[in-house]
Amino acid sequence: MTNSPLPMNVESIELLVRQTIAKRLHIDVNKVQLDTNFHDLNLDSLDLAELFFLLEDQLKKQINVNQTSNLQTVNDVVMLVMTKQ
């Protein structure tokens, strides 16, 4: 028997990603929507790297950094996380 976490549904992942970004940037989670662009949030490459480390830790899944370079929106992150389940 493995000790891996149960798969999350898309709504749970959306909320987790939005909350993680909001917490990282010290902003209200309502300012982070699925169509929000990283540029609009002033997320730089260091912020994004830290975001992915936080998500990896919370999800207990590894995210390949090579797959993150083309991501532009919150929804892009949600879709990438969904593929890791």
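Because the model is predicted, local features need pLDDT of at least 70 and side-chain atom pairs count only at pLDDT 80 or more, while totals for chains, interfaces and linings use all residues. Residues are numbered from 1 along each chain as its sequence is written, and side-chain values use heavy atoms, with hydrogens and water left out.

Buried stands for under 20% relative accessible area, exposed for over 50%, and partly exposed for anything in between, using a 1.4 Å probe and protein chains only. Helices are DSSP runs (H or I, at least four residues), numbered from the N terminus.

Helix H3 has Val-74, Val-77, Val-78, Leu-80 and Val-81 as its buried residues. Looking down the axis of H3, these fall within an arc of 165°, so they line one face of the helix; the arc is that of the directions from the helix axis to the C-beta atoms. In an α-helix there are 3.6 residues a turn, so residues three or four places apart point the same way. The buried residues of H3 pack against H1 (10-25) and H2, where contact means heavy atoms within 4.5 Å.

Leaving aside neighbours within four places in sequence, Val-77 is in contact with Val-17, Phe-38, Phe-52, Leu-55 and Leu-71. Val-74, also in H3, counts as buried because its relative accessibility is 0%. The C-alpha atoms of Val-74 and Phe-38 are separated by 7.2 Å, although the two are 36 residues apart along the chain.

Is Arg-18 buried or exposed? Its relative accessible area is 15%, so Arg-18 is buried. Apart from neighbours within four places in sequence, Arg-18 is in contact with Val-29, Asn-30, Val-32, Gln-33 and Val-74. The Arg-18 side chain also reaches the backbone oxygen of Val-32 at 2.4 Å.

Next come the charged pairs. Side chains of opposite charge can pair when their charged atoms come close. With a salt bridge taken as a side-chain nitrogen of Lys or Arg within 4 Å of a carboxyl oxygen of Asp or Glu, the count comes to three. Asp-47 and Arg-24 meet in one of them, at 2.9 Å from N to O; this pair links Asp-47 in H2 with Arg-24 in H1, 23 residues apart. Asp-47 is buried because its relative accessible area is 12%, whereas Arg-24, at 22%, counts as partly exposed. Glu-50 forms a salt bridge with Arg-24 too, the closest N and O atoms being 2.6 Å apart. Glu-50 lies in H2 and Arg-24 in H1, so this pair ties together parts that are 26 residues apart in sequence. At 30% relative accessibility, Glu-50 is partly exposed. Shared partners join Arg-24, Asp-47 and Glu-50 into one network. Asp-57 and Lys-60 make a further salt bridge, at 3.9 Å from N to O, and both residues are exposed.

Finally, the loops. Most residues other than glycine have a negative phi. Asn-42, in the loop between H1 and H2, has a positive phi of about 60° although it is not a glycine, and its relative accessible area of 62% makes it exposed. Lys-60 likewise has a positive phi of about 60°; Lys-60 belongs to the loop between H2 and H3 and is exposed at 57%. Thr-68 is in the loop between H2 (45-59) and H3 (74-83), but counts as buried because its relative accessibility is 12%. Beyond neighbours within four places in sequence, Thr-68 is in contact with Phe-52, Ile-63 and Leu-80.

Terms used:
Helix = DSSP H or I, 4+ residues; strand = E, 2+ residues; numbered from the N terminus. Polar contact = N/O pair within 3.5 Å; in protein donor to acceptor, adjacent residues only side chain to side chain.
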